[in-house]
Amino acid sequence: MSNFINLTKVQVLTLFPKGKKQKRSILLLGLLYFALAIFIAIYSVMFSVVFCMMDATNVIPAFYYTITSIVILVTTVLKTSGLLFNNRDYELLTALPIKTSTLIASRLTAIYLMNFFFGVSIMAPALIPVIFIAKPGALFCVLYLLSMFIVPLFPLAISTFIGIVVSFIASRFRHKSIVTIILSFGALFAVLYFSMTMSNVSEEALESFSDAFMNLASTFYPPSILYNMAFDIEGMNLLYFVLFVLLSVGSMGITIAILAPLYKKIYTALNA
């Protein structure tokens, strides 16, 4: 456990370069991210109010869960592989008596922390209008806030494997960064196009925003159905909430279990 905590601290610190010029850049970047978080929070509140006025309150949890997951999925694909298979400290860390699973878990945790704070800026403000307009129970509010710690796990697990595939393809080209970006966005647009063409939304569903959104979400991001069934404004469904937690936590456990025995081979293939 101590190795995991220490490795996570080191990994987080490596995300913030040292030096006066770098610190100024980090400070400026931090201010920009803070302004972006405020901007996102304002829009989350505004859209949440609109949903309440449309009498579509029940779709709010699933809507913000889906949006947060998609954004995390897309943004994490571009950086997961690079952080997981960082060749600057690979030889040093593999020489130490540290389990490969611990090393992978610490690096994924560092990425998780970045995604968590971003997800909070989207999901937390959306709850404010719901509390004053829909007046859900205390259990709903508490579990909704707790779920924000769980939300980044599933998209992080998916983006890890997508990122490895994208990085492996890009490593065979001369301009790796450009190829990585093109492949990542190409995969995103392909999924969006497939989802839009395969989702058969009926005319009756289009008349109701809630039904139309959940129809699309079920095709594009099925876990949102489980989240929506757990978070009902009129009453929480604890069974579906537990299933959501198990799915999210289990996906990360499976990811670490798969990558641990293959870590050295993947590293060698990516850096060959």
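Exposed here means over 50% relative accessible area, buried means under 20%, and partly exposed lies in between, with a 1.4 Å probe and protein chains only. Lys135 sits in the loop between helix 5 and helix 6. Its phi is near 55°, a positive value in a residue other than glycine. As background, most residues other than glycine have a negative phi.

A word on the source. This is a predicted model, in which local features need pLDDT of at least 70 and side-chain atom pairs count only at pLDDT 80 or more, while totals for chains, interfaces and linings use all residues. Residues are numbered from 1 along each chain as its sequence is written, and side-chain values use heavy atoms, with hydrogens and water left out.

Now the chain as a whole. The protein chain has 12 helices and zero strands; helices (H or I, at least four residues) and strands (E, at least two) are DSSP runs, numbered from the N terminus. Of its 272 residues, 42% count as buried. The accessible surface comes to about 15400 Å², of which 73% belongs to carbon and sulfur atoms; such areas come from the Shrake-Rupley method with a 1.4 Å probe, and for residues only the protein chains shown count as cover. Among contacts (heavy atoms within 4.5 Å) between residues at least 6 apart in sequence, 77% join residues at least 24 apart.

How many residues does the largest nonpolar core have? There are 56, and those with the most contacts inside this core are Tyr64, Phe85, Leu108, Phe140, Tyr144, Tyr227 and Phe231. Seven-letter lists aside, the term itself means a set of buried Ala, Val, Leu, Ile, Met, Phe, Trp, Tyr and Cys residues joined through side-chain atoms within 4.5 Å. Several helices each supply at least two residues of this core, among them helix 2 (20–53), helix 3 (60–84) and helix 12 (238–270). The largest share, 12 residues, comes from helix 5. Leaving out residues up to four places away in sequence, Phe231 touches Asn58, Pro61, Phe140, Leu143, Tyr144, Ser147, Met236 and Phe241.

A cavity is a set of points, on a 1 Å grid over the protein atoms alone, where a 1.4 Å probe fits but cannot get out, and lining residues have an atom within 4 Å of a point. The largest cavity has a volume of about 40 Å³, volume being the space filled by probe spheres set on the points, which are joined across faces, edges and corners. Ile60, Pro61, Ala126, Leu127, Val130, Phe140, Tyr144 and Ile233 line this cavity. Helix 5 gives the most to the lining, with three residues. The lining divides into eight nonpolar residues, no polar and no charged; Ala, Val, Leu, Ile, Met, Phe, Trp, Tyr, Cys and Pro count as nonpolar, Asp, Glu, Lys and Arg as charged, and the others, Gly among them, as polar.

Two further residues complete the tour. Is Pro155 buried or exposed? Pro155 is buried, because its relative accessible area is 1%. Pro155 lies in helix 7 and, leaving aside neighbours within four places in sequence, is in contact with Ser69, Ile72, Leu73 and Tyr221. Val120, found in helix 5, counts as partly exposed at 24% relative accessibility. Val120 and Phe149 are 29 residues apart in sequence and 8.6 Å apart in space, C-alpha to C-alpha.

Notes. On a 1 Å grid over the protein atoms alone, a cavity is a set of points where a 1.4 Å probe fits but cannot get out, and a pocket is an open set with protein on both sides within 12 Å along at least five of seven lines; lining residues have an atom within 4 Å of a point.
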